[in-house]
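Thank you all for coming.

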Number of protein chains: 2
Amino acid sequence: MQEKGLLIVLSGPSGVGKGTVRKEIFSQPDIAFEYSISMTTRPPRAGEVDGVDYFFKTREEFEELIKQGKLLEYAEFVGNYYGTPIDYVEETLNAGKDVFLEIEVQGARQVREKFPDGLFIFLVPPSLSELKNRIVTRGTETEEVINNRMTVAREEIEMMSLYDYVVENDRVELAVERIKAIVIAEHCRRERVEYRYKKMLEVEY
Amino acid sequence: MQEKGLLIVLSGPSGVGKGTVRKEIFSQPDIAFEYSISMTTRPPRAGEVDGVDYFFKTREEFEELIKQGKLLEYAEFVGNYYGTPIDYVEETLNAGKDVFLEIEVQGARQVREKFPDGLFIFLVPPSLSELKNRIVTRGTETEEVINNRMTVAREEIEMMSLYDYVVENDRVELAVERIKAIVIAEHCRRERVEYRYKKMLEVEY
């Protein structure tokens, strides 16, 4: 039996730089996982290529795919659908290859339900870890600014609990290095590999 | 409060190459963890330096330290004691630095009891994963050889269940790369870092 690939999900708060980190990862030569291209009803921007940047669909096509259960996750933003075609993900995982998704937090929640043993990485802005220091040491912010920041931070930290790993996006190269390390490490986790060794003992001869 | 360092334990079956892997790790310039030097009653070999290769002790000194609870783990091999001084490990962890131990499997079991949230890495010989293929495809071994191999493999795989990660020592450089990745990843594990972010929300202002 072919061993299944790992489903790697990169998500995090809006504006944290998920797309930049993902592009940097896939610009590297030693990446052994496949990128799952999203599907959208938003019109292509100048230079965007169907099947490379996105799969571009009409609203009718997209809603038909939702009805058929062909989307692993989807969400609507400012009037457009965005989603992940499930067939590509399942076929690639079944072929033993790792699949990488870069999606919004609502989508990640949907994926977690279907792939509980996926590898979920939460990208956090450096401002989150600097927040406390800034508040404590500078003391120059108005109470309103501090309150707003604390509200946003609270929401972000609450989202974190769904994830296996938290990666700070202080510098893109560092975030990429951590994500690559996490994938290597995850392939060495005892729970994931022990079964392979235990199978050896069942060999008949 | 200073955040504690991570206790990293590298172990595995006798003869797997733990020492070689450990030496290669500490020969690299970007290693951010401290090596815990073992203590032994075995006499120094030519070129071995006290406090570098081992802390060399008499049998009486070693037994006194055991009595005082000053050893995190210890074992006796062919008439000599080997062990890990606990003070260095605790002081280094309390200073927020990661500590690296390279020890035998009996010792690792003792350490797990005292540091359940340490990072335990089991180094396996490549022969373990090749075993099945060899047996199945070659079919040239005698039944006795196969039985012996299966017994050893069974023992090794049973030991594995204590560990968090399994690293194959197929090539030293690859094993080292995996161990370094595991340490980076472990520092990003949500359970380890979430508390740091949650603390931010408790800030009084």
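**An annotated site and some aromatic pairs**

Let me begin with A:V16, which is buried, because its relative accessible area of 9% falls under the 20% cut-off. Please keep in mind that this is a predicted model.

In chain A, this valine, A:V16, sits in the loop that runs between strand 1 (7-11) and helix 1 (18-26). Leaving aside residues up to four places away in sequence, A:V16 touches A:L123, A:V124, A:P125 and A:N169. The unreviewed UniProt entry lists A:V16 under "binding site", together with A:G12, A:P13, A:S14, A:G15, A:G17, A:K18 and A:G19; of these, A:G19 has its place in helix 1 of chain A.

Let me now turn to the aromatic rings, where the count over all chains comes to 24 aromatic pairs. One of them joins A:Y74 and A:Y81, whose ring centres are 6.2 Å apart and whose planes meet at 70°, so the pair is edge-to-face.

Because B:F122 belongs to strand 8 (residues 119-124) and B:Y163 to the loop between helix 6 (143-160) and strand 9 (165-168), the pair ties together parts of chain B that are 41 residues apart in sequence. Both B:F122 and B:Y163 are buried.

Finally, back in chain A, one aromatic cluster is formed by A:F26, A:F33, A:Y35 and A:F100.

Terms used:
Residues numbered from 1 in each chain as written. Chains lettered and ligands numbered in written order. Predicted model: local features only at pLDDT ≥ 70, side-chain atom pairs only at ≥ 80, totals over all residues. Heavy atoms only, no water. UniProt positions renumbered as here; feature names shortened; annotations may be inferred. Helix = DSSP H or I, 4+ residues; strand = E, 2+ residues; numbered from the N terminus. Buried < 20%, exposed > 50% of the residue type's maximum accessible area, 1.4 Å probe, protein only. Contact = heavy atoms within 4.5 Å. Phe/Tyr/Trp six-rings, centres within 6.5 Å; stacked < 30°, edge-to-face > 60°.
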